[in-house]
Amino acid sequence: MAFVTDPITINKTVLKNRITFAPTVKFDYAGEDGKATSKHIEHYKERAMGGAGLIVVEATAVTPGGRFGKNHMGLWEDSQIPGQREITEACHEYDTPVIIQLNHVGVGANPECGPAIGPSEHTNWHGTVARAMTICEIKDMERSFVDAALRAKDAGYDGIQLHGCHGYLINQFVTKNVNKRDDEYGGSVENRARFGANIIRDIRKECGDDFLISIRTVGADPDLEDCILVAEEYVKAGCDYLQVSHGMGEIAKASDFATDKYNTICALGVKFHEHFKGRVPVSCVNSLFTPDDIKYLIENDLCDTVDLARAILADPAFPKAVLEGGEYTPCFKCKACQYGPFTAHKCPAAFKRGVVQ
Ligand SMILES: Cc1cc2nc3c(=O)[nH]c(=O)nc-3n(C[C@H](O)[C@H](O)[C@H](O)COP(=O)(O)O)c2cc1C
(Lines give C-alpha, C1' and ligand atoms only; values in the text may rest on other atoms or scores of the structure.)
Protein backbone atom coordinates (compact mmCIF):
# COMPACT_ATOMS: atom_id res chain seq x y z
CA MET A 1 0.00 0.00 0.00
CA ALA A 2 1.30 3.48 -0.83
CA PHE A 3 0.99 6.47 1.49
CA VAL A 4 0.67 10.13 0.60
CA THR A 5 4.03 10.72 2.32
CA ASP A 6 5.80 8.19 0.05
CA PRO A 7 8.16 9.60 -2.55
CA ILE A 8 7.75 8.69 -6.20
CA THR A 9 10.31 8.92 -8.98
CA ILE A 10 9.00 10.02 -12.37
CA ASN A 11 11.64 9.64 -15.04
CA LYS A 12 14.65 10.89 -13.00
CA THR A 13 12.71 13.44 -10.95
CA VAL A 14 12.00 12.55 -7.33
CA LEU A 15 8.75 13.88 -5.87
CA LYS A 16 9.06 13.78 -2.08
CA ASN A 17 5.36 12.96 -1.65
CA ARG A 18 2.22 12.27 -3.70
CA ILE A 19 0.71 15.77 -3.67
CA THR A 20 1.13 18.03 -6.69
CA PHE A 21 0.11 21.66 -7.06
CA ALA A 22 -2.07 21.86 -10.17
CA PRO A 23 -1.52 24.55 -12.81
CA THR A 24 -3.58 27.65 -12.01
CA VAL A 25 -3.21 30.68 -14.21
CA LYS A 26 -3.00 34.16 -12.64
CA PHE A 27 -4.67 36.44 -15.15
CA ASP A 28 -3.53 39.67 -13.57
CA TYR A 29 0.06 38.87 -12.56
CA ALA A 30 1.88 39.18 -15.92
CA GLY A 31 2.34 42.28 -18.04
CA GLU A 32 1.90 42.40 -21.83
CA ASP A 33 5.51 41.23 -22.27
CA GLY A 34 4.49 37.81 -20.91
CA LYS A 35 7.33 37.81 -18.37
CA ALA A 36 7.01 36.28 -14.92
CA THR A 37 6.73 38.95 -12.24
CA SER A 38 7.70 39.10 -8.57
CA LYS A 39 4.09 38.13 -7.78
CA HIS A 40 4.54 34.84 -9.65
CA ILE A 41 7.84 34.17 -7.94
CA GLU A 42 6.42 34.79 -4.44
CA HIS A 43 3.33 32.76 -5.25
CA TYR A 44 5.27 29.65 -6.30
CA LYS A 45 7.86 30.04 -3.55
CA GLU A 46 5.08 30.02 -0.96
CA ARG A 47 3.62 26.84 -2.48
CA ALA A 48 7.04 25.14 -2.56
CA MET A 49 7.48 26.00 1.14
CA GLY A 50 4.02 24.55 1.75
CA GLY A 51 5.21 21.02 1.09
CA ALA A 52 3.82 19.99 -2.33
CA GLY A 53 5.85 17.20 -3.95
CA LEU A 54 5.69 18.87 -7.37
CA ILE A 55 4.72 22.32 -8.57
CA VAL A 56 3.15 22.64 -11.99
CA VAL A 57 3.42 26.27 -13.07
CA GLU A 58 0.34 27.64 -14.78
CA ALA A 59 -0.66 27.50 -18.47
CA THR A 60 2.00 29.52 -20.29
CA ALA A 61 1.60 30.60 -23.89
CA VAL A 62 3.96 29.28 -26.56
CA THR A 63 3.14 32.15 -28.95
CA PRO A 64 1.69 35.64 -28.28
CA GLY A 65 -1.49 34.58 -30.11
CA GLY A 66 -1.88 31.59 -27.78
CA ARG A 67 -2.49 33.70 -24.66
CA PHE A 68 -5.79 33.84 -22.78
CA GLY A 69 -5.46 37.61 -22.76
CA LYS A 70 -2.86 40.35 -22.80
CA ASN A 71 -1.81 39.81 -19.17
CA HIS A 72 -0.74 36.21 -19.52
CA MET A 73 2.65 34.60 -19.06
CA GLY A 74 4.54 33.31 -22.09
CA LEU A 75 7.68 31.45 -23.14
CA TRP A 76 7.73 32.47 -26.78
CA GLU A 77 11.01 34.39 -26.60
CA ASP A 78 14.33 34.18 -24.78
CA SER A 79 13.80 37.43 -22.85
CA GLN A 80 11.16 35.52 -20.85
CA ILE A 81 13.69 32.98 -19.54
CA PRO A 82 15.26 34.99 -16.64
CA GLY A 83 11.90 35.55 -14.86
CA GLN A 84 11.11 31.85 -15.22
CA ARG A 85 14.54 31.02 -13.80
CA GLU A 86 13.60 32.93 -10.64
CA ILE A 87 10.54 30.70 -10.26
CA THR A 88 12.55 27.49 -10.62
CA GLU A 89 15.23 28.72 -8.21
CA ALA A 90 12.59 29.65 -5.64
CA CYS A 91 11.07 26.15 -5.83
CA HIS A 92 14.39 24.30 -5.86
CA GLU A 93 15.46 26.22 -2.76
CA TYR A 94 12.79 24.14 -0.97
CA ASP A 95 13.81 20.92 -2.71
CA THR A 96 10.65 20.96 -4.77
CA PRO A 97 10.74 19.93 -8.41
CA VAL A 98 8.89 22.22 -10.78
CA ILE A 99 7.53 21.85 -14.30
CA ILE A 100 5.67 24.38 -16.45
CA GLN A 101 2.48 23.89 -18.43
CA LEU A 102 2.73 24.94 -22.09
CA ASN A 103 -0.38 26.00 -23.95
CA HIS A 104 -2.04 27.60 -26.95
CA VAL A 105 -5.73 28.48 -26.78
CA GLY A 106 -6.34 27.58 -30.46
CA VAL A 107 -9.88 28.15 -31.71
CA GLY A 108 -10.68 30.26 -28.65
CA ALA A 109 -7.86 32.76 -29.21
CA ASN A 110 -8.47 36.17 -27.69
CA PRO A 111 -8.88 38.60 -30.62
CA GLU A 112 -6.66 41.10 -28.77
CA CYS A 113 -3.78 38.60 -28.93
CA GLY A 114 -4.04 36.83 -32.27
CA PRO A 115 -6.20 35.03 -34.81
CA ALA A 116 -8.46 32.16 -33.77
CA ILE A 117 -7.01 29.05 -35.40
CA GLY A 118 -7.45 25.36 -34.85
CA PRO A 119 -7.58 21.97 -36.51
CA SER A 120 -10.76 22.92 -38.42
CA GLU A 121 -13.08 25.85 -38.92
CA HIS A 122 -15.04 26.22 -35.69
CA THR A 123 -17.27 28.80 -34.04
CA ASN A 124 -15.58 29.59 -30.78
CA TRP A 125 -16.83 30.72 -27.38
CA HIS A 126 -16.28 34.40 -28.37
CA GLY A 127 -18.77 33.80 -31.21
CA THR A 128 -16.18 34.21 -33.97
CA VAL A 129 -15.29 31.59 -36.55
CA ALA A 130 -11.83 30.11 -36.08
CA ARG A 131 -9.92 29.19 -39.23
CA ALA A 132 -8.43 25.75 -39.99
CA MET A 133 -4.64 25.66 -39.74
CA THR A 134 -2.61 24.68 -42.79
CA ILE A 135 -0.13 21.79 -42.47
CA CYS A 136 2.65 24.36 -42.51
CA GLU A 137 1.04 26.27 -39.60
CA ILE A 138 0.60 23.03 -37.65
CA LYS A 139 4.32 22.21 -38.09
CA ASP A 140 5.25 25.76 -37.02
CA MET A 141 3.03 25.44 -33.95
CA GLU A 142 4.62 22.10 -33.00
CA ARG A 143 7.96 23.91 -33.27
CA SER A 144 6.72 26.72 -30.99
CA PHE A 145 5.88 24.18 -28.27
CA VAL A 146 9.32 22.54 -28.60
CA ASP A 147 11.11 25.92 -28.52
CA ALA A 148 9.16 26.87 -25.39
CA ALA A 149 10.21 23.56 -23.79
CA LEU A 150 13.85 24.30 -24.63
CA ARG A 151 13.48 27.70 -22.96
CA ALA A 152 11.87 26.02 -19.94
CA LYS A 153 14.87 23.69 -19.70
CA ASP A 154 17.21 26.66 -19.93
CA ALA A 155 15.26 28.33 -17.11
CA GLY A 156 15.92 25.33 -14.86
CA TYR A 157 12.60 23.49 -15.07
CA ASP A 158 12.72 19.76 -14.31
CA GLY A 159 10.32 19.22 -17.18
CA ILE A 160 7.22 20.50 -18.88
CA GLN A 161 3.56 19.67 -19.03
CA LEU A 162 1.55 20.01 -22.23
CA HIS A 163 -1.93 21.42 -21.71
CA GLY A 164 -3.90 18.72 -23.46
CA CYS A 165 -7.34 19.23 -21.87
CA HIS A 166 -9.96 21.88 -20.99
CA GLY A 167 -10.69 22.59 -24.67
CA TYR A 168 -7.39 24.19 -25.73
CA LEU A 169 -5.42 23.49 -28.90
CA ILE A 170 -4.01 20.02 -28.15
CA ASN A 171 -7.43 18.94 -26.87
CA GLN A 172 -9.04 20.46 -30.00
CA PHE A 173 -6.98 18.14 -32.20
CA VAL A 174 -8.12 15.14 -30.14
CA THR A 175 -11.85 15.87 -30.09
CA LYS A 176 -13.93 14.97 -33.12
CA ASN A 177 -16.28 17.86 -32.21
CA VAL A 178 -13.62 20.30 -33.42
CA ASN A 179 -11.23 18.23 -35.53
CA LYS A 180 -12.91 17.49 -38.88
CA ARG A 181 -9.66 17.09 -40.85
CA ASP A 182 -9.21 14.33 -43.39
CA ASP A 183 -5.41 14.49 -43.58
CA GLU A 184 -2.82 12.90 -41.27
CA TYR A 185 -4.03 15.10 -38.36
CA GLY A 186 -7.68 13.97 -38.44
CA GLY A 187 -9.84 10.86 -38.28
CA SER A 188 -8.17 7.93 -36.51
CA VAL A 189 -6.93 8.03 -32.91
CA GLU A 190 -3.35 8.00 -34.16
CA ASN A 191 -4.03 11.00 -36.40
CA ARG A 192 -5.92 13.04 -33.80
CA ALA A 193 -3.14 12.39 -31.26
CA ARG A 194 -0.43 13.24 -33.80
CA PHE A 195 -0.15 16.95 -32.91
CA GLY A 196 0.51 16.25 -29.21
CA ALA A 197 2.60 13.16 -29.93
CA ASN A 198 4.85 14.99 -32.42
CA ILE A 199 5.48 17.70 -29.83
CA ILE A 200 6.33 15.11 -27.16
CA ARG A 201 8.65 13.19 -29.51
CA ASP A 202 10.56 16.33 -30.49
CA ILE A 203 10.82 17.59 -26.91
CA ARG A 204 12.20 14.21 -25.88
CA LYS A 205 14.75 14.36 -28.73
CA GLU A 206 15.83 17.95 -28.04
CA CYS A 207 15.52 18.25 -24.25
CA GLY A 208 17.04 14.85 -23.47
CA ASP A 209 16.10 11.56 -21.82
CA ASP A 210 16.05 12.94 -18.25
CA PHE A 211 13.65 15.81 -18.93
CA LEU A 212 10.27 15.06 -17.37
CA ILE A 213 7.51 15.22 -19.98
CA SER A 214 3.95 15.24 -18.74
CA ILE A 215 0.66 15.89 -20.44
CA ARG A 216 -2.52 17.00 -18.73
CA THR A 217 -4.70 15.00 -21.01
CA VAL A 218 -8.40 14.76 -21.61
CA GLY A 219 -10.19 11.86 -19.89
CA ALA A 220 -13.42 11.74 -21.90
CA ASP A 221 -13.88 13.68 -25.11
CA PRO A 222 -16.07 12.05 -26.29
CA ASP A 223 -15.38 8.93 -24.22
CA LEU A 224 -12.88 7.28 -21.91
CA GLU A 225 -11.85 4.50 -24.29
CA ASP A 226 -10.90 6.92 -27.09
CA CYS A 227 -8.95 9.13 -24.68
CA ILE A 228 -6.99 6.20 -23.23
CA LEU A 229 -5.93 5.27 -26.77
CA VAL A 230 -4.89 8.88 -27.39
CA ALA A 231 -2.82 8.77 -24.20
CA GLU A 232 -1.20 5.54 -25.41
CA GLU A 233 0.05 7.52 -28.42
CA TYR A 234 1.52 10.15 -26.08
CA VAL A 235 3.24 7.44 -24.04
CA LYS A 236 4.66 5.82 -27.18
CA ALA A 237 6.07 9.23 -28.13
CA GLY A 238 7.91 9.53 -24.79
CA CYS A 239 5.49 10.97 -22.22
CA ASP A 240 6.48 10.10 -18.61
CA TYR A 241 3.47 11.21 -16.61
CA LEU A 242 -0.25 11.58 -17.26
CA GLN A 243 -2.44 14.01 -15.41
CA VAL A 244 -6.07 13.52 -16.34
CA SER A 245 -8.80 16.16 -16.47
CA HIS A 246 -11.86 17.00 -18.55
CA GLY A 247 -12.24 18.09 -22.16
CA MET A 248 -14.69 20.38 -23.91
CA GLY A 249 -17.62 19.72 -21.63
CA GLU A 250 -18.59 16.19 -22.72
CA ILE A 251 -18.10 14.07 -19.61
CA ALA A 252 -21.59 12.65 -19.27
CA LYS A 253 -20.61 9.16 -20.34
CA ALA A 254 -18.02 8.99 -17.59
CA SER A 255 -20.48 9.85 -14.83
CA ASP A 256 -21.00 6.16 -14.07
CA PHE A 257 -17.49 6.05 -12.62
CA ALA A 258 -18.03 8.64 -9.88
CA THR A 259 -18.43 7.36 -6.31
CA ASP A 260 -19.36 8.97 -3.02
CA LYS A 261 -15.59 9.46 -2.45
CA TYR A 262 -14.67 11.24 -5.69
CA ASN A 263 -16.39 12.97 -8.59
CA THR A 264 -16.64 12.23 -12.32
CA ILE A 265 -13.54 14.12 -13.39
CA CYS A 266 -11.41 12.57 -10.69
CA ALA A 267 -12.87 9.18 -11.68
CA LEU A 268 -11.39 9.56 -15.16
CA GLY A 269 -7.93 9.63 -13.57
CA VAL A 270 -8.80 6.51 -11.57
CA LYS A 271 -9.76 4.73 -14.80
CA PHE A 272 -6.54 5.85 -16.50
CA HIS A 273 -4.56 4.56 -13.51
CA GLU A 274 -6.26 1.15 -13.80
CA HIS A 275 -5.15 1.04 -17.42
CA PHE A 276 -1.58 2.43 -17.08
CA LYS A 277 -0.72 0.94 -13.66
CA GLY A 278 2.95 -0.08 -13.41
CA ARG A 279 3.80 1.59 -16.73
CA VAL A 280 3.08 5.32 -16.44
CA PRO A 281 2.20 7.29 -13.29
CA VAL A 282 -1.25 8.87 -13.37
CA SER A 283 -2.63 11.79 -11.40
CA CYS A 284 -6.24 12.54 -10.43
CA VAL A 285 -7.69 16.01 -10.00
CA ASN A 286 -10.88 17.79 -9.03
CA SER A 287 -12.64 18.74 -5.84
CA LEU A 288 -10.20 17.10 -3.43
CA PHE A 289 -10.41 19.35 -0.41
CA THR A 290 -9.61 17.32 2.72
CA PRO A 291 -6.74 15.13 3.92
CA ASP A 292 -9.15 12.19 3.91
CA ASP A 293 -10.09 12.75 0.22
CA ILE A 294 -6.43 12.55 -0.71
CA LYS A 295 -5.38 9.67 1.51
CA TYR A 296 -8.31 7.60 0.27
CA LEU A 297 -7.13 7.81 -3.35
CA ILE A 298 -3.47 7.05 -2.62
CA GLU A 299 -3.92 4.40 0.06
CA ASN A 300 -6.41 2.49 -2.10
CA ASP A 301 -4.06 2.59 -5.09
CA LEU A 302 -6.57 4.56 -7.18
CA CYS A 303 -3.89 6.86 -8.61
CA ASP A 304 -0.16 7.59 -8.19
CA THR A 305 -0.42 11.30 -7.30
CA VAL A 306 -3.20 13.74 -6.43
CA ASP A 307 -3.31 17.11 -8.07
CA LEU A 308 -4.74 20.01 -6.05
CA ALA A 309 -5.62 23.49 -7.26
CA ARG A 310 -8.07 25.39 -5.05
CA ALA A 311 -7.05 23.71 -1.77
CA ILE A 312 -3.46 24.95 -2.28
CA LEU A 313 -4.55 28.35 -3.60
CA ALA A 314 -6.53 28.80 -0.38
CA ASP A 315 -3.68 27.59 1.82
CA PRO A 316 -0.21 26.95 0.37
CA ALA A 317 0.62 24.88 3.46
CA PHE A 318 -2.32 22.53 2.89
CA PRO A 319 0.09 19.75 1.73
CA LYS A 320 1.97 20.00 5.06
CA ALA A 321 -1.33 19.63 6.92
CA VAL A 322 -2.11 16.49 4.89
CA LEU A 323 1.38 15.04 5.36
CA GLU A 324 1.96 15.92 9.00
CA GLY A 325 -1.50 16.68 10.40
CA GLY A 326 -2.50 20.04 11.82
CA GLU A 327 -4.62 23.03 10.99
CA TYR A 328 -5.23 24.53 7.56
CA THR A 329 -7.47 27.17 6.02
CA PRO A 330 -9.99 25.31 3.87
CA CYS A 331 -11.03 26.44 0.41
CA PHE A 332 -14.45 28.13 0.58
CA LYS A 333 -15.35 26.63 -2.85
CA CYS A 334 -16.59 30.09 -3.91
CA LYS A 335 -14.65 30.05 -7.23
CA ALA A 336 -13.62 33.69 -6.75
CA CYS A 337 -10.15 32.54 -7.87
CA GLN A 338 -11.60 31.63 -11.26
CA TYR A 339 -14.41 34.09 -11.82
CA GLY A 340 -13.86 37.20 -9.76
CA PRO A 341 -15.90 39.06 -8.46
CA PHE A 342 -13.43 41.92 -9.06
CA THR A 343 -10.31 40.59 -10.73
CA ALA A 344 -9.32 37.01 -11.25
CA HIS A 345 -7.43 35.09 -8.61
CA LYS A 346 -8.77 36.63 -5.46
CA CYS A 347 -9.17 34.08 -2.73
CA PRO A 348 -11.20 34.96 0.36
CA ALA A 349 -9.64 32.04 2.25
CA ALA A 350 -6.22 33.58 1.61
CA PHE A 351 -7.53 36.98 2.73
CA LYS A 352 -8.64 35.30 5.92
CA ARG A 353 -5.02 34.22 6.45
CA GLY A 354 -4.01 37.87 6.01
CA VAL A 355 -2.54 37.51 2.52
CA VAL A 356 -2.97 40.51 0.22
CA GLN A 357 -3.03 39.24 -3.37
C1 LIG B 1 -7.72 30.04 -10.65
C2 LIG B 1 -7.62 28.81 -11.48
C3 LIG B 1 -6.78 28.78 -12.58
C4 LIG B 1 -6.63 27.60 -13.33
N5 LIG B 1 -5.71 27.58 -14.34
C6 LIG B 1 -5.44 26.38 -14.95
C7 LIG B 1 -4.35 26.27 -15.84
O8 LIG B 1 -3.57 27.21 -16.04
N9 LIG B 1 -4.16 25.08 -16.44
C10 LIG B 1 -4.95 23.98 -16.19
O11 LIG B 1 -4.72 22.91 -16.75
N12 LIG B 1 -5.97 24.06 -15.31
C13 LIG B 1 -6.21 25.21 -14.68
N14 LIG B 1 -7.18 25.28 -13.72
C15 LIG B 1 -7.89 24.06 -13.34
C16 LIG B 1 -7.20 23.43 -12.12
O17 LIG B 1 -5.87 23.06 -12.39
C18 LIG B 1 -7.96 22.20 -11.61
O19 LIG B 1 -8.01 21.23 -12.62
C20 LIG B 1 -9.38 22.55 -11.17
O21 LIG B 1 -9.40 23.73 -10.41
C22 LIG B 1 -9.97 21.41 -10.33
O23 LIG B 1 -9.14 21.14 -9.23
P24 LIG B 1 -9.50 21.65 -7.74
O25 LIG B 1 -10.87 21.10 -7.45
O26 LIG B 1 -8.42 21.05 -6.88
O27 LIG B 1 -9.50 23.13 -7.76
C28 LIG B 1 -7.37 26.45 -12.98
C29 LIG B 1 -8.25 26.49 -11.88
C30 LIG B 1 -8.36 27.63 -11.12
C31 LIG B 1 -9.24 27.61 -9.92
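For the class counts in these entries, I take Ala, Val, Leu, Ile, Met, Phe, Trp, Tyr, Cys and Pro as nonpolar, Asp, Glu, Lys and Arg as charged, and the others, Gly among them, as polar.

**Basis.** I am working from a predicted model, in which local features need pLDDT of at least 70 and side-chain atom pairs count only at pLDDT 80 or more, while totals for chains, interfaces and linings use all residues. I number residues from 1 along each chain as its sequence is written.

Helices (H or I, at least four residues) and strands (E, at least two) are DSSP runs, numbered from the N terminus.

Eight strands form a closed barrel in the order 3-4-5-9-10-11-12-13, with parallel pairing. The twist from one strand to the next averages 25°. Strand 4 runs parallel to strand 5 (residues 98-103), and five bridges join them. Valine 57 has isoleucine 100 in strand 5 as its bridge partner.

**Helices 6 and 7.** Helix 6 (residues 194-207) packs on helix 7 at about 20°, the axes being 8 Å apart. The two are therefore roughly parallel (angles under 35 degrees; over 145 is roughly antiparallel, 65 to 115 roughly perpendicular, and the rest oblique). Their crossing is right-handed, that is, the near helix is turned clockwise from the far one by less than a right angle. Gly196, Ala197, Ile200 and Arg201 of helix 6 make the contact with Glu233, Tyr234 and Ala237 of helix 7 (C-beta atoms, placed from the backbone, within 7 Å). I count these residues as four nonpolar, one polar and two charged.

**Helices 7 and 8.** The axes of helix 7 (residues 224-237) and helix 8 (residues 264-276) come within 11 Å and cross at roughly 55°. That makes helix 7 oblique to helix 8. I record this crossing, too, as right-handed. Leu224, Ile228 and Ala231 in helix 7 meet Leu268, Lys271, Phe272 and His275 in helix 8. This contact divides into five nonpolar, one polar and one charged residue.

Note on methods
Axes are lines fitted to C-alpha atoms, for helices over the stretch in contact, and angles run from 0 to 180 degrees between N-to-C directions. Two residues are in contact if their C-beta atoms, placed from the backbone, lie within 7 Å. Two strands pair if DSSP finds at least two bridges between them.
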